Amino acid sequence: MVKVHYFFDPMCGWCYGATALLDAIAANSDLKLELHPGGMIANQSIEKVFRNHILTSDARIASVTGAQFGKGYIQRVKSNDPMILDSYITARAIITAEQLDITPLNMLKTIQHAHYIEGKQVNRAEVIEGLAVELGLDKNHWQRAMLANQGTEQTKIAQSRLLMQKLQVTGFPTLILEKHEKQIKLPHTAYYGKPDAWRQLIDDYIQ
């Protein structure tokens, strides 16, 4: 089985923009997708100056990748209300979801949609819980699993960073294909908006 290592952050706009590329990988039965969260933002309040940077960056992401940013999200970024982003609780949610038989990519996409489309506060445990319930998970089971997993996200992120150093990965998103113990960095940025060419590229690497 050929692996694709995905180095990402739930709060990374470019990772959100790469969703279609990840969907193509996940749909390929010859590939095993492994997610490695990077821990970009630790429960941090986003100030006005950086919010303006986010909006400029998001406009470019939308132009290059075709990703849509919802009114709820844009209004939240533009508002004077507190805006806290947290890569850690979202990483723990992805870890927990996998334990409860929800694919990590599905949980990631659900978090991204809630954040980038609806403008929900995905740094809040109760918001994450609501997303898990939407995916069909039992509320009480979710609460117990998230509590039991407290701190696992830190371990997972530390492991991701070590692997990033080993593979010389410096940013998000990065996709590394592993075949016969060889690693190949996939040139994903050249394939935004080109799903057929992207799928062909992946097939060529698998053969």
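Predicted model: local features only at pLDDT ≥ 70, side-chain atom pairs only at ≥ 80, totals over all residues.
Local features need pLDDT of at least 70, side-chain atom pairs count only at pLDDT 80 or more, and totals for chains, interfaces and linings use all residues. Residues are numbered from 1 along each chain as its sequence is written, and side-chain values use heavy atoms, with hydrogens and water left out.

A search of the whole structure finds eight aromatic pairs. Rings of Phe, Tyr and Trp (its six-membered ring) pair if their centres lie within 6.5 Å; planes under 30 degrees apart are stacked, over 60 edge-to-face, and the rest tilted. Y16 and Y116 form a stacked pair. Their centres are 4.6 Å apart, with 10° between the planes. Y16 lies in helix α1 (residues 13–17) and Y116 in helix α6 (residues 104–116), so the pair ties together parts that are 100 residues apart in sequence. Helices (H or I, at least four residues) and strands (E, at least two) are DSSP runs, numbered from the N terminus. Both tyrosines, Y16 and Y116, are buried. Buried means under 20% relative accessible area, exposed over 50%, and partly exposed in between (1.4 Å probe, protein chains only). Y16 and Y116 also belong to one aromatic cluster with F69 and Y73.

Y191 and W198 form a tilted pair, 5.7 Å centre to centre and with 55° between the planes. Y191 and W198 are buried.

A cis peptide bond joins F172 and P173, with omega about -10°. P173 sits in the loop between α9 (152–167) and β5 (174–179). D101 is not a glycine, yet its phi is positive, near 70°. D101 is in the loop between α5 (87–99) and α6. Its relative accessibility is 73%, so D101 counts as exposed. H180, also not a glycine, has a positive phi of about 50°. H180 lies in the loop between β5 and β6 (182–185). H180 is exposed, at 70% relative accessible area.

Helix α2 (residues 19–26) packs against α6 at an angle of about 160°, with the axes 11 Å apart. Axes are lines fitted to C-alpha atoms, for helices over the stretch in contact, and angles run from 0 to 180 degrees between N-to-C directions. The two helices, α2 and α6, are therefore roughly antiparallel. Angles under 35 degrees count as roughly parallel, over 145 as roughly antiparallel, 65 to 115 as roughly perpendicular and the rest as oblique. In α2, T19, L22, D23 and A26 meet L105, K109 and Q112 of α6 (contact: heavy atoms within 4.5 Å).
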